[in-house]
Protein chains: 2
Amino acid sequence: MNPILAVGSVAFDSVKTPFGEVSRVVGGAATYFSVAASFFADVRLVAVVGTDFSPHLARVFGNRRIDLSGLQQLPGETFRWKGEYGFDLDSRETIYTHLNVFEQFQPVIPEAYRDSPFVFLGNIHPALQLEVLNQVRGPRLVGADTMNYWIERTPDALRQVLSRVDVLLINDSEARELAGEANLVKAARVIQAMGPRTLVIKRGEHGVLMTRPEGGFFAAPAMPLEEVFDPTGAGDTFAGGFMGYLASCDVVTDATLVRAIIYGSTLASFAVEDFSVDRLLRLTPDEIGARFAGFKTLTHFDLV
Amino acid sequence: MNPILAVGSVAFDSVKTPFGEVSRVVGGAATYFSVAASFFADVRLVAVVGTDFSPHLARVFGNRRIDLSGLQQLPGETFRWKGEYGFDLDSRETIYTHLNVFEQFQPVIPEAYRDSPFVFLGNIHPALQLEVLNQVRGPRLVGADTMNYWIERTPDALRQVLSRVDVLLINDSEARELAGEANLVKAARVIQAMGPRTLVIKRGEHGVLMTRPEGGFFAAPAMPLEEVFDPTGAGDTFAGGFMGYLASCDVVTDATLVRAIIYGSTLASFAVEDFSVDRLLRLTPDEIGARFAGFKTLTHFDLV
């Protein structure tokens with residue numbers, strides 16, 4: 001069993017979708033990641049919250065395989081984000097981003113975490129991702145996320161991070177932008193040359209594409225869902241299920257990577273069924289197992 | 001073995017993609033459909049061309065399982081279309097559409113074709129699709145395509161067609177528009193209530209989603225390709241591979257429908273590798289078999 005050190009944002013989100021509106025609910029990439037990963041592995045969360053987050057700590061992270069000794073609590077307000085989705089949930093507009101205490105975030109990795117065999121660098125400033133990497137000792141596998149903002153504004157720091165990353169998880173438009181190449185097959189090769197031996201390209205409602213150790217790709221569709229309530233956090237939940245399952249395996253092989261993609265897709269398919277992490281908080285291992293099997297029914301065929 | 005009666009357009013296309021430009025090459029939905037389907041089944045093509053098409057007849061349709069006795073040749077020019085693709089091949093602009101002889105197209109089904117067990121109604125005016133259905137006698141399976149133009153302008157005629165269709169193949173935005181519903185799972189149910197027991201939703205580079213006889217969905221990604229030269233005709237080629245394989249089976253079952261999706265995806269993945277039907281014209285059964293197997297590698301995983 002390999003504990004995962006997870007670094008990223010914990011936030012309060014306000015979200016409007018065609019199906020409803022919520023204000024100041026628990027969000028943040030590291031929140032979705034940690035709750036999802038904790039179904040499979042021990043998670044060591046390094047993040048920052050304000051004093052206003054206290055009432056939610058036990059409800060969201062309690063009674064799970066999530067260690068909070070690296071969670072900093074600073075005087076002030078927690079990171080806040082507000083977003084609004086279009087009618088088909090495909091487009092999203094950010095109404096505001098208030099960094100609040102996140103502005104002073106300096107990831108300090110507790111001594112007990114520094115030998116974590118699995119490390120996940122959430123979508124934060126590449127300079128902070130580097131600080132994390134400089135504090136850990138010989139991790140077996142480093143996963144990372146990033147976004148167009150850092151690709152455009154801090155390309156040099158991002159390149160330094162990528163040279164030390166094993167698995168990069170980004171969305172398709174980001175992959176194209178990072179590689180400067182519209183064709184995803186070619187873009188994948190360009191990005192792999194930057195460092196990550198495995199690239200996981202997230203395509204939202206269209207599923208995921210992953211490069212494989214021996215060459216070629218694995219592709220998984222998203223589960224067709226009748227109720228997509230709120231897509232917020234789907235990608236982070238995917239990353240949590242993916243990294244969590246990998247960390248639960250003895251070795252990382254083609255077969256475990258491929259199953260990790262399906263576990264990530266499974267967790268993400270639940271996350272979007274409700275606002276915030278609410279669906280994940282009431283999720284059971286049996287439900288995970290049933291939907292994982294459902295992906296097989298969804299995609300498998302016989303040659304004859 | 002079930003011959004397929006295929007009705008639709010044969011055209012000259014002029015196409016500009018980021019990778020090149022061609023002028024007045026052979027195109028048209030029924031062309032792509034027929035060539036693709038002919039790898040699996042006998043095709044009876046009902047369409048119209050001008051006298052200017054003569055030099056291409058033997059090269060494109062000759063030495064294939066394509067019967068041309070229903071192909072009308074009228075004095076005048078063949079249907080012409082010109083389109084231009086954006087840098088990522090995702091967006092397409094129609095520069096012009098000249099119907100030419102297609103404007104007078106009245107599908108006359110030769111007596112020898114009227115008992116065709118499989119019928120495919122290409123994307124033409126629903127009134128013409130109805131005329132075809134009124135001339136055939138008890139087909140075993142009717143497949144059809146349509147587009148937003150008919151959904152918006154001739155909804156009543158389209159509804160009459162749909163009530164007599166077994167398999168509807170349309171793209172995802174058309175499915176949403178036809179159903180008046182953004183969620184694809186719900187949209188599928190709405191469209192099935194209009195008639196088609198099987199709905200095949202084409203998502204371009206993101207693959208295909210099909211409703212299944214016993215409920216639920218089958219999903220297939222598109223094959224990740226390094227060279228997507230020209231997406232024109234990919235959907236029509238998919239339909240040809242899909243219908244062609246189904247027609248080659250004794251019975252239409254969940255297993256054959258699912259394999260038909262993969263054969264359709266296989267043929268479409270070749271079609272985009274070159275302009276016009278050029279790649280299909282030099283395609284071999286061995287190449288089809290190898291890429292079909294490649295789809296299994298691309299998507300299959302083990303439960304443990």
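## Polar contacts across the interface

A polar contact is a pair of N or O atoms within 3.5 Å; within protein, one atom must be able to donate a hydrogen and the other to accept it, and residues adjacent in sequence count only if both atoms are side-chain atoms. By that rule, 19 residue pairs are in polar contact across the interface of chain B and chain A, with both residues at pLDDT 80 or more. The model is predicted.

The elements of chain B that give two or more residues to the side touching chain A are helix H6 (172-179), helix H7 (184-192), strand S14 (217-220), helix H9 (254-271) and helix H11 (285-299). H11(B) supplies the largest share of that side, with seven residues. By type, the residues on this side of chain B divide into 20 nonpolar, five polar and 13 charged.

## Extent of the interface

In the contact count, 38 residues of chain B meet 38 residues of chain A. The area buried between chain B and chain A is about 3500 Å², and 57% of it is on carbon and sulfur atoms. On the side of chain B, the residues that lose the most area to chain A are His206(B), Glu226(B) and Phe301(B), which together account for 20% of what that side buries.

## Salt bridges between the chains

Eight salt bridges are counted between chain B and chain A. One of the pairs that bridge the two chains is Arg189(B) with Glu226(A), where the closest N and O atoms are 2.5 Å apart.

Another salt bridge is formed by the side chains of Glu205(B) and Arg203(A), at 3.6 Å from N to O. Glu205(B) is in the loop between S12 and strand S13 (208-211) of chain B, and Arg203(A) is in the loop between S12 and strand S13 (208-211) of chain A, so the pair joins two chains. Glu205(B) is partly exposed, because its relative accessibility is 30%. Arg203(A) has a relative accessible area of 12% and is therefore buried.

## Arg176(A) and helix H6

Arg176(A) belongs to helix H6 (residues 172-179) of chain A. Its relative accessible area is 18%, and since buried means under 20%, Arg176(A) counts as buried. The side chain of Arg176(A) makes a polar contact with the side chain of Glu205(B), at 3.5 Å. Leaving out residues up to four places away in sequence, Arg176(A) touches Glu181(A), Ala182(A), Leu184(A) and Glu205(B).

In chain B, H6(B) is mostly covered, with six of its eight residues buried. These are Asp172(B), Glu174(B), Ala175(B), Arg176(B), Leu178(B) and Ala179(B). They pack against helix H4 (148-153), helix H5 (155-162), strand S11 (167-171), H7 and strand S12 (198-202) of chain B. Just after H6(B) comes Gly180(B), which has a positive phi of about 65°.

## Salt bridges within a chain

Over all chains the count is 32 salt bridges. One of them pairs the side chains of Asp145(A) and Lys202(A), at 3.8 Å from N to O. This pair links distant parts of the chain: Asp145(A) is in strand S10 (residues 141-145) of chain A and Lys202(A) is in strand S12 (residues 198-202) of chain A, 57 residues apart. Asp145(A) is buried, with a relative accessible area of 8%, and Lys202(A) is buried, with 12%.

In chain B, Arg279(B) forms a salt bridge with Glu287(B), and the closest N and O atoms are 2.9 Å apart. Arg279(B) is buried, at a relative accessible area of 9%, whereas Glu287(B) is partly exposed, at 28%. In chain A, salt bridges that share partners join Glu273(A), Arg279(A), Glu287(A) and Arg291(A) into one network.

## Backbone at Asn100

Most residues other than glycine have a negative phi. Asn100(A) has a positive phi, near 50°, and Asn100(B), which is not a glycine, has a positive phi of about 50°. Asn100(A) sits in the loop between strand S8 (92-98) and strand S9 (118-121) of chain A, and Asn100(B) in the loop between strand S8 (92-98) and strand S9 (118-121) of chain B. Asn100(A) is partly exposed, at 26% relative accessibility; Asn100(B) is partly exposed, at 26%.

## Cysteines

The count of disulfides over all chains is zero. Cys249(A) is buried, with a relative accessibility of 10%, and Cys249(B) is buried, with a relative accessible area of 11%.

Conventions:
Residues are numbered from 1 along each chain as its sequence is written. Chains are lettered from A and ligands numbered from 1 in the order in which they are written. This is a predicted model: local features need pLDDT of at least 70, side-chain atom pairs count only at pLDDT 80 or more; totals for chains, interfaces and linings use all residues. Side-chain values use heavy atoms; hydrogens and water are left out. A disulfide is a pair of cysteine sulfur atoms within 2.5 Å. Buried means under 20% relative accessible area, exposed over 50%, partly exposed in between (1.4 Å probe, protein chains only). Contact means heavy atoms within 4.5 Å. Buried area is the accessible area (1.4 Å probe) that two parts lose on being put together, summed over both. A salt bridge is a side-chain nitrogen of Lys or Arg within 4 Å of a carboxyl oxygen of Asp or Glu. Helices (H or I, at least four residues) and strands (E, at least two) are DSSP runs, numbered from the N terminus. Ala, Val, Leu, Ile, Met, Phe, Trp, Tyr, Cys and Pro count as nonpolar, Asp, Glu, Lys and Arg as charged, and the others, Gly among them, as polar.
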